[in-house]
Amino acid sequence: DPNRLTGVEEHFVVGGTGGWWWVENQQGLLTPEVHMKEGYGANIAGNTTAFLRAIEVEMITPAGDPVASPENLEIYGQNEFTFSWDNPGVLTMDLRVLVTPAGAASDIAEKCYFTVGTIGSSTMAWDAANPGGKPVVVNDDYLEATVTFTGLPANNSDFGRKTAALYLDGSLMAANDYEVFFRKIAVNHPGGTSTDPNWFYYWKDGNVCGIDSEVLYDPIIDYGKYVEGDLVVYVGYEAAEANDGIHTYVNRFDSTTIQGTGNGKGIKCVAETIAHEQLHKHVYQNLSGTDNDADNIPDAMEGSYLGISTATNHPDTFDMAGIFGYSGYYDYGDEEVRCRVSELNVSYDTTKDWANPGSQSKIKWGP
């Protein structure tokens, strides 16, 4: 109910629990503010009566928990925002709050402003109707403002959780967290090799899943490759999609079994691909000695290298060629099987994955 304030030259101090108030009837107020906080005062002249009502501000966009209740649609309540496919990419936020009681939005709009989190080097601009985050009144009871960010940021850490807020005369009225993402397979990041997809650029920058200076992107391969003599390994477009394991391999001589080939998606699949190709590289660069079956695993290591026992007189103990339908594996199957087993022990960080779709977006992809 309204707080009725009367008196002759009466000075009143707003009570309550720290909320903001607005003046329903300003007639006779010597202090013209239409809003005041607990502990603030104003004078009433003559025998005039003034009424104060409590203001409630509810954040409509963004709203909700972006982790527990993510929403990526461009509707009221959105709390996930993703840069567009354009180059440079654009991210638009339509901010909205509900002000009660009815009609209060117009009374406070002039002294309100929105704020949002910065996104690294991306250029932020408020809409022409919202200079400095100043809102406009919509449908009598809502305050709205639009802000855009142009150009994706330079660093992976620039994405993620942010906060949008509405202030009244510098005091916080409402706030809500939201999350910012990049489009996984778009090619509109600002650095590195311009033709690399966003996932490769940002996951490398953020040390998300093992992409370092010795890993390059090759758009014409599927998962990965290592070329003997090279100092780097390569990953392709499928590396950020999904692996097809886990498989069971049977020793053609004693019927013992081992498992290999990862089952990851997104960042985990990339980590698996890199582990696989890096082991090929390690074998080429570091293993030497008598190798009767020419499978790249020296005879002295065949029985126990990486905990796997393979034959010294057969290059494809676990029939990689037959399982995968690639005759080339017959020549180095005992190396290949170890590379596939290595995929089962990889590291990655889901908390740094800001791809959409990805580990933390509403549309999940990974790990």
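Begin with the largest pocket, whose lining divides into nine nonpolar, six polar and eight charged residues. Here Ala, Val, Leu, Ile, Met, Phe, Trp, Tyr, Cys and Pro count as nonpolar, Asp, Glu, Lys and Arg as charged, and the others, Gly among them, as polar. A pocket is an open set of points on a 1 Å grid over the protein atoms alone, where a 1.4 Å probe fits and protein lies on both sides within 12 Å along at least five of seven lines; lining residues have an atom within 4 Å of a point.

Before going on, note that this is a predicted model, in which local features need pLDDT of at least 70 and side-chain atom pairs count only at pLDDT 80 or more, while totals for chains, interfaces and linings use all residues. Residues are numbered from 1 along each chain as its sequence is written, and side-chain values use heavy atoms, with hydrogens and water left out.

**Stop 1: the largest pocket**

Select Gly224, His276, Glu277, Tyr329 and Arg340: of the 23 lining residues, these lie nearest the centre. The volume is about 480 Å³, taken as the space filled by probe spheres set on the points, which are joined across faces, edges and corners. Now colour β17 (224-225), α3 (267-286) and α6 (329-342), each of which supplies at least two lining residues. Which of them gives the most? That is α3, with six residues. Helices (H or I, at least four residues) and strands (E, at least two) are DSSP runs, numbered from the N terminus.

**Stop 2: the second largest pocket**

Next, pick Asn72, Glu74, Gln78, Phe81 and Thr92, which lie nearest the centre of a pocket lined by 17 residues. About 340 Å³ of space lies in it. Strand β9 (90-100) and strand β8 (80-82) each supply at least two lining residues, and the largest share, four, comes from β9.

**Stop 3: the cores**

Now show Val99, Val116, Leu143, Trp199, Trp203, Ile211 and Val270, which have the most contacts inside the largest nonpolar core, a set of 57 residues. Such a core joins buried (under 20% relative accessible area, 1.4 Å probe, protein chains only) Ala, Val, Leu, Ile, Met, Phe, Trp, Tyr and Cys residues through side-chain atoms within 4.5 Å. Strand β15 (residues 171-183) provides the largest share of this core, six residues. Another core, of seven residues, lies apart from it and includes Tyr249, Ile308, Met320 and Val337.

Methods: Buried < 20%, exposed > 50% of the residue type's maximum accessible area, 1.4 Å probe, protein only.
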